[in-house]
Amino acid sequence: MHFPILRKYLMMDLKGRDFLSTGDFVRDELIELLDLAEDFKSSGHDERSLLGKSVALVFLNPSLRTRTSMEIAIHQLGGHAVTLDVGKSTWSLEHSEGMIMDSDKTEHIKEAARVLSRYAAGIGVRAFPEMQNYLEEIAEPIVRGFAKYSDAPVFNLESANHHPFQALADAMTIREKLSGFRGERVVLTWAYHPKPLPMAVPNSFALIAAQMGLDLTIACPPEYDLGDEAMEEIGRAASNSGGRIGASRDYRDACAGARIVYAKSWGSKLFYGQAEDDLACRQKHRDWIVDEDLMRTTDRGWFMHCLPVRRNVVVTDGVLDGPSNAAIDQAENRLHVQKAVLASLL
Ligand code: CP
């Protein structure tokens, strides 16, 4: 065995599994992945456990962090990344069943997934919702379609409901900043943004916070409550871990005394297919912004955000340029958790 860090984790045996949501993994498995990520980060060892292997990264949407950190993670593990920009450097993809494909889509994911899995040891897929049909899109037909038809493990690089690599990096960052997960008070607050965004990050953050047993308050205007399906899973995870999930309509009140303020904007499930209504609704909540006054009311609180972030819309310059900003550490931790997951599953 040439991989001393990985050898410590072989008892976990996650080989061959997909990574679509942290909800598919029990708490002990997630903790082991975080431990492995910390070992990668602190040791500087790369352990070329992907030597001779290739990973395909399929992007239907833009990315800075996910694309770069995945390509670098695969490189540092000795593997080779092939990135496909769907509809640009590769064919546009159809995913619906039974389609007569006589329109603009060139290839079905049934063929794409099966072909890519003949070449690559794993496939990463990013497919945001178009926010037109809530029930159809939260079924995540593209990412889950790839998982169904691929013979190799599939990694979710952000879908309608989940961004599991982001969530794992978020958990790693909280554990670093607070030296553990001892029921610390954490707030996930909705923030104003000029357009509706997917719910993957808030769903995934709330889920992993619940899995880790944190005391989480979700603050949002009434129109922006997370979906019932997501909240049921988050509630079950909190029951299993001894965590607590609360709700607030007053984000400043919720953040008072918190150790973590995680800001994120997201769209309303009420307005899928009616973007104009969402745009009109969110105008009423333009004051949902994280500023220095709010951070001063926290308990030495850290500001977190998955990035990209709109300065002076979601959060002020003063917070982003100040000492409580953990968002850059969060982004760095994407690299370490992705190496842990890739090394374990491939
Ligand atoms: N946080 C995140 O996933 O960033 P990108 O969209 O830039 O990949």
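**Figure 1. Phe 40 in helix 2 of the predicted model.** The structure shown here and in the other views is a predicted model. Phe 40 belongs to helix 2, which covers residues 27-43. Its relative accessibility is 2%, so Phe 40 counts as buried; the cut-off for that class is under 20%. A second residue, Asp 104, gives a sense of distance. Phe 40 and Asp 104 are separated by 64 residues in sequence. In space, their C-alpha atoms are 44 Å apart.

Figure 2. Strand 5 runs over residues 122-126. Five of its five residues are buried, so strand 5 is largely enclosed by the rest of the structure. In a regular strand, side chains alternate between the two faces of the sheet. In strand 5, Gly 122, Gly 124 and Arg 126 point one way. Ile 123 and Val 125 point the other way. Residues of both sets are buried.

**Figure 3. The strand partners of strand 5.** Strand 1, residues 54-59, pairs with strand 5 in the parallel sense. Five bridges make up this pairing. Within it, Leu 57 stands opposite Gly 124 of strand 5. Strand 5 is also joined to strand 6, residues 154-156. These two strands run parallel as well, with three bridges between them.

**Figure 4. The loop between strand 11 and helix 13.** Strand 11 covers 302-304 and helix 13 covers 317-320; Pro 308 is found in the loop between them. The peptide bond from Leu 307 to Pro 308 is cis. Its omega is near 5°. Asn 312 is found in the loop between strand 11 and helix 13 too. Asn 312 is not a glycine, yet its phi is positive, at about 65°. With a relative accessible area of 44%, Asn 312 is partly exposed.

Figure 5. Ser 179 sits in the loop between helix 7 (164-178) and strand 7 (185-190). Phi of Ser 179 is near 55°, a positive value in a residue other than glycine. Is Ser 179 buried or exposed? It counts as exposed, at 55% relative accessibility; exposed means over 50%.

**Figure 6. Ser 324 between helix 13 and helix 14.** The loop that holds Ser 324 lies between helix 13 and helix 14, the latter spanning 327-345. Ser 324 has a relative accessible area of 17% and is buried. Which residues does Ser 324 contact, leaving aside neighbours within four places in sequence? They are Met 295, Gly 301, Trp 302, Phe 303 and Val 319.

**Figure 7. Ala 247 in strand 9.** Strand 9 covers residues 244-248 and includes Ala 247. Ala 247 is exposed, with a relative accessible area of 74%. Not counting residues up to four places away in sequence, Ala 247 touches Thr 217 and Ile 218. Ala 247 and Val 187 are 60 residues apart in sequence. Their C-alpha atoms are 9.4 Å apart in space.

**Figure 8. Ala 206 in helix 8.** Ala 206 lies in helix 8, residues 200-211. Its relative accessible area is 0%, and Ala 206 is buried. Leaving out residues up to four places away in sequence, Ala 206 touches Leu 188, Leu 216, Ile 218 and Ile 234. Asp 13 is 193 residues from Ala 206 along the chain. The C-alpha atoms of the two residues are separated by 26 Å.

**Figure 9. The setting of the close-ups: the whole protein chain.** The secondary structure of the chain comes to 14 helices and 11 strands. The radius of gyration is 20 Å, close to the 20 Å that the globule rule gives for 346 residues, so the chain is as compact as a globular protein of that length. Along its principal axes, the C-alpha trace spans about 55 × 55 × 35 Å. Of the 346 residues, 57% count as buried. Among contacts with a separation of 6 or more, 80% come from residues 24 or more positions apart. The accessible surface comes to about 14,800 Å², and 50% of it belongs to carbon and sulfur atoms. The chain has 39 positive and 49 negative charges, whose mean positions are 4 Å apart.

Note on methods
Residues are numbered from 1 along each chain as its sequence is written. This is a predicted model: local features need pLDDT of at least 70, side-chain atom pairs count only at pLDDT 80 or more; totals for chains, interfaces and linings use all residues. Side-chain values use heavy atoms; hydrogens and water are left out. Helices (H or I, at least four residues) and strands (E, at least two) are DSSP runs, numbered from the N terminus. Buried means under 20% relative accessible area, exposed over 50%, partly exposed in between (1.4 Å probe, protein chains only). Two strands pair if DSSP finds at least two bridges between them. The radius of gyration is taken over C-alpha atoms; the globule rule is 2.2 Å times the number of residues to the power 0.38. Contact means heavy atoms within 4.5 Å. Accessible areas come from the Shrake-Rupley method with a 1.4 Å probe; for residues, only the protein chains shown count as cover. Lys and Arg count as positive and Asp and Glu as negative; His and the chain ends are not counted. The place of a charge is taken as NZ of Lys, CZ of Arg, CG of Asp or CD of Glu.
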